[in-house]
Amino acid sequence: MQKPFLAIDRVTKKFGSVTALRSVSLNVGPDELLVVLGPTGAGKTTLLRTIAGLEAPQEGTIQMAGEDVTSRTPAERDVALVFQDFSLYPNWTVRRNLEFPLRAPGRRLSEDEIAQRVSWAAELLKIAGLLDRRSQRLSGGEMQRVAIGRAIVRRPRVFLMDEPLTNLDAKLREALRVELVCLRRELKTPMVYVTHDQVEALSMGDRIVVLGEGRVLQTGSPEDIFRRPVSPVVARQLGQPAINLLKVERSGGAWVADNGVAVAAAGEGGGNSMILGVRPEDIQPRGGEREARVTLVEDMGPTKILLVDWGGCNVHIVAPATADIHQGDTIHPQVDPERIILWPEQTI
Amino acid sequence: MKIIRWLVIVVYFSVAVMPLAWLAITSFKLKEDTISPTAKFIPVASKIESPDGSDTSVLFTASTDAYRRLGAVNIGSDYSFFHYLANSLIIGALSALSAVGLGTACAYGFSRFRIAGAKDWLFFILSTRFLPPLAVVVPVFMMYRQFNLQNTHVGLILLYTSFNLSLSVWLMKGFIDDIPRAYEDAALVDGYSRLQAFWRIIVPHAATGMAVTAVFCLISALNEYGFAMALNSSRAVTVPVYFAGLQGNISGVPWPQVAAGALVFVVPVAVFTVLVRKHLLRGVTFGTIKQ
């Protein structure tokens with residue numbers, strides 16, 4: 001791996017008696033988009049604010065380009081932060097909002113340079129027509145575009161994004177997500193992108209860091225995290241519908257669940273008592289031995305999500321939309337043995 | 001429905017304006033007309049005397065004599081009314097300015113930083129208002145004598161600033177709490193120092209609150225009487241003390257003059273309030289992102 005641009009080493013942040021970050025370490029490469037994924041309260045925002053310098057950690061160091069910046073002010077770190085709940089000063093025009101970071105006292109840019117950068121950013125984000133509009137008159141999508149514009153005009157060393165698309169509607173979110181990835185590639189600036197949305201995490205991230213209760217649970221490529229989660233907690237973060245988790249015992253060359261259903265053939269290795277995870281996409285509705293009853297069918301368009309009562313335990317299965325399965329039908333689920341994930345029982 | 005609404009407005013307006021209107025009428029009277037048994041409220045250029053000498057007419061002769069007398073120096077005094085008006089305005093404006101300035105800075109600290117015992121400090125600040133101010137007139141008097149602050153403008157400015165500070169801190173804390181923290185955080189990340197963020201982001205957004213607070217502080221400083229009287233004999237005397245002094249007039253209270261002075265005294269506050277009325281109506285949206 002390339003030498004990291006941003007290196008966070010064992011950072012701990014406490015607010016009074018609450019510990020928000022517990023010895024968090026992570027690296028971001030010089031041209032990498034790192035997604036930090038986690039549920040609400042996992043410490044994602046605190047992590048970003050600590051990187052930006054808005055919060056001082058009690059322990060640990062933050063390095064940028066090899067320099068220790070732990071005790072530097074936000075202004076000295078030269079990072080751009082896009083907030084979740086704030087984007088623009090409401091009474092200012094779009095232009096004034098975009099110019100504000102450029103007029104910071106340390107920057108000393110000429111008026112020409114400022115005008116040129118503002119029009120460059122406006123062009124790139126297709127907001128040139130809005131420049132003289134007051135920002136409270138913008139739609140949600142336009143506001144967030146301008147907020148991203150505020151971040152890029154500076155040409156910062158790192159972009160920090162705190163769920164910037166959460167408050168937008170689904171369609172807009174998708175469009176901006178793609179734009180943001182393309183934009184970042186063009187600018188070749190590292191980005192830390194915080195989200196609780198697994199779709200954003202999987203589609204945007206070069207790598208993903210999964211955060212839970214202030215701890216790094218796993219770091220890896222989207223493929224890694226999705227296919228080889230280190231614990232059931234991480235596994236549950238990704239996938240819609242969520243992964244099926246079953247308690248299984250090794251018995252006669254197969255993994256057998258509590259209720260006596262032989263889920264899949266057991267290979268070598270591992271203990272006798274395990275947690276088995278299998279994604280709903282990796283179960284075929286037909287071909288298995290043990291029968292199961294379909295209790296609910298959700299038609300999602302291209303696929304159908306089946307809730308199945310398989311000998312007493314509820315399992316989700318994703319079937320193609322063409323499958324002729326209805327509520328109350330009896331099916332024979334078959335698990336793809338290549339795709340099962342096993343964890344020792346105590347990892348739950 | 002509409003008629004009732006108008007009726008309520010008209011009645012309220014009349015009640016509110018009545019004292020001011022009477023003040024204005026009185027200020028154009030001669031002294032005899034102010035103490036006449038018949039209420040006189042219609043000004044005329046010159047009144048026709050009734051033949052039998054009884055005076056039951058509601059007419060009175062309009063005169064600007066009272067206003068002219070405001071410019072004169074009364075016996076036993078060193079200055080005219082306008083000197084005291086200037087005193088009041090200087091002391092009121094400067095004390096309001098410093099109370100709002102200090103109060104805003106203090107409120108910003110309480111609003112944005114973790115301060116040990118913040119609640120106790122805030123309560124302490126408020127508690128300085130629990131005592132009736134006149135209860136401390138003697139210690140203040142002795143301190144002022146020690147430091148030669150009697151009869152000075154600075155003395156009264158200091159005093160009014162400290163009286164108004166608690167109000168200012170509490171009001172301003174409410175206003176600053178309403179400004180989202182992200183406004184400053186964004187400025188800090190964008191390359192501004194905390195002080196610059198305070199000036200460029202907090203102060204403009206708190207302008208509404210500062211205007212409201214300034215009006216309150218100004219009114220309270222202009223109306224203060226007890227300390228202004230106890231600490232001054234001549235140079236830094238303010239308008240309320242001047243009015244009180246008129247009561248000792250050997251030829252009775254010169255009501256037209258009191259009315260004229262009071263009217264002139266109201267003007268600055270009215271002008272200031274009109275100037276900041278845009279801020280007083282809290283129409284400014286403190287909104288952030290559209291949710």
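Reader: How much area do domain 1 and domain 2 of chain A bury between them, and what part of it is on carbon and sulfur atoms?
Author: In this predicted model, domain 1 of chain A and domain 2 of chain A bury about 800 Å² between them, and 56% of that area is on carbon and sulfur atoms.

Reader: Which residues on the domain 1 side lose the most area to domain 2 of chain A?
Author: Those are F226(A), R227(A) and P232(A), which together account for 61% of what the domain 1 side of chain A buries.

Reader: What joins Q240(A) and P241(A)?
Author: A cis peptide bond joins Q240(A) and P241(A), with omega at about 0°, and P241(A) sits in the loop between α9 (232–237) and β11 (244–251) of chain A. As background, most peptide bonds are trans, and most residues other than glycine have a negative phi.

Reader: And on the phi side, what is the value for K188(A)?
Author: K188(A) has a positive phi of about 55° although it is not a glycine, and the loop that holds K188(A) lies between α6 (170–187) and β8 (191–195) of chain A.

Reader: Switching to helix packing, at what angle do α3 and α5 of chain A cross?
Author: The axes of helix α3 (residues 94–102) of chain A and helix α5 (residues 140–153) of chain A cross at roughly 30° and come within 8 Å. The two helices, α3(A) and α5(A), are therefore roughly parallel to each other, and α3(A) passes α5(A) in a right-handed crossing.

Reader: Which residues make that contact between α3(A) and α5(A)?
Author: From α3(A) come V94(A), N97(A), L98(A), F100(A), P101(A) and L102(A), while α5(A) supplies V146(A), G149(A), R150(A) and V153(A). Sorted by class, the contact of α3(A) with α5(A) has 7 nonpolar, 2 polar and 1 charged residues.

Reader: How do α4(A) and α5(A) cross, then?
Author: The axes of helix α4 (residues 111–125) of chain A and α5(A) come within 9 Å and cross at roughly 135°, which makes α4(A) oblique to α5(A). The crossing of α4(A) past α5(A) is right-handed.

Reader: What residues are involved there, and how do they divide by class?
Author: On α4(A) the contact is made by R117(A), V118(A), W120(A), A121(A), L124(A) and L125(A), and on α5(A) by R145(A), I148(A), G149(A), I152(A) and V153(A). The residues of the contact of α4(A) with α5(A) divide into 8 nonpolar, 1 polar and 2 charged.

Reader: Moving to chain B, how is that one divided?
Author: Chain B has domain 1 at 2–70 and domain 2 at 81–280, and the C-alpha centres of domain 1 of chain B and domain 2 of chain B lie 35 Å apart. The contact takes 14 residues from domain 1 of chain B and 16 residues from domain 2 of chain B.

Reader: How much area is buried between those domains of chain B?
Author: The buried area between domain 1 of chain B and domain 2 of chain B is about 1,200 Å², and carbon and sulfur atoms give 77% of it. On the domain 1 side, L23(B), K31(B) and L70(B) lose the most area to domain 2 of chain B, together 52% of what that side buries.

Reader: Last one: which residues bring α4(B) and α12(B) into contact?
Author: The axes of helix α4 (residues 81–112) of chain B and helix α12 (residues 239–246) of chain B come within 8 Å and cross at roughly 145°. The contact involves F81(B), Y84(B), L85(B) and S88(B) of α4(B), together with V239(B), P240(B), Y242(B) and F243(B) of α12(B). By class, the contact of α4(B) with α12(B) has 7 nonpolar, 1 polar and no charged residues.

Key
Residues numbered from 1 in each chain as written. Chains lettered and ligands numbered in written order. Predicted model: local features only at pLDDT ≥ 70, side-chain atom pairs only at ≥ 80, totals over all residues. Heavy atoms only, no water. Axes fitted to C-alpha atoms, helices over the stretch in contact; angles between N-to-C directions. Helix = DSSP H or I, 4+ residues; strand = E, 2+ residues; numbered from the N terminus. Parallel < 35°, antiparallel > 145°, perpendicular 65-115°, else oblique. Left-handed = near helix turned anticlockwise from the far one by under 90°. Contact = heavy atoms within 4.5 Å. Nonpolar A, V, L, I, M, F, W, Y, C, P; charged D, E, K, R; others polar. Domains from an automatic or database assignment. Buried area = accessible area lost by both parts, 1.4 Å probe.
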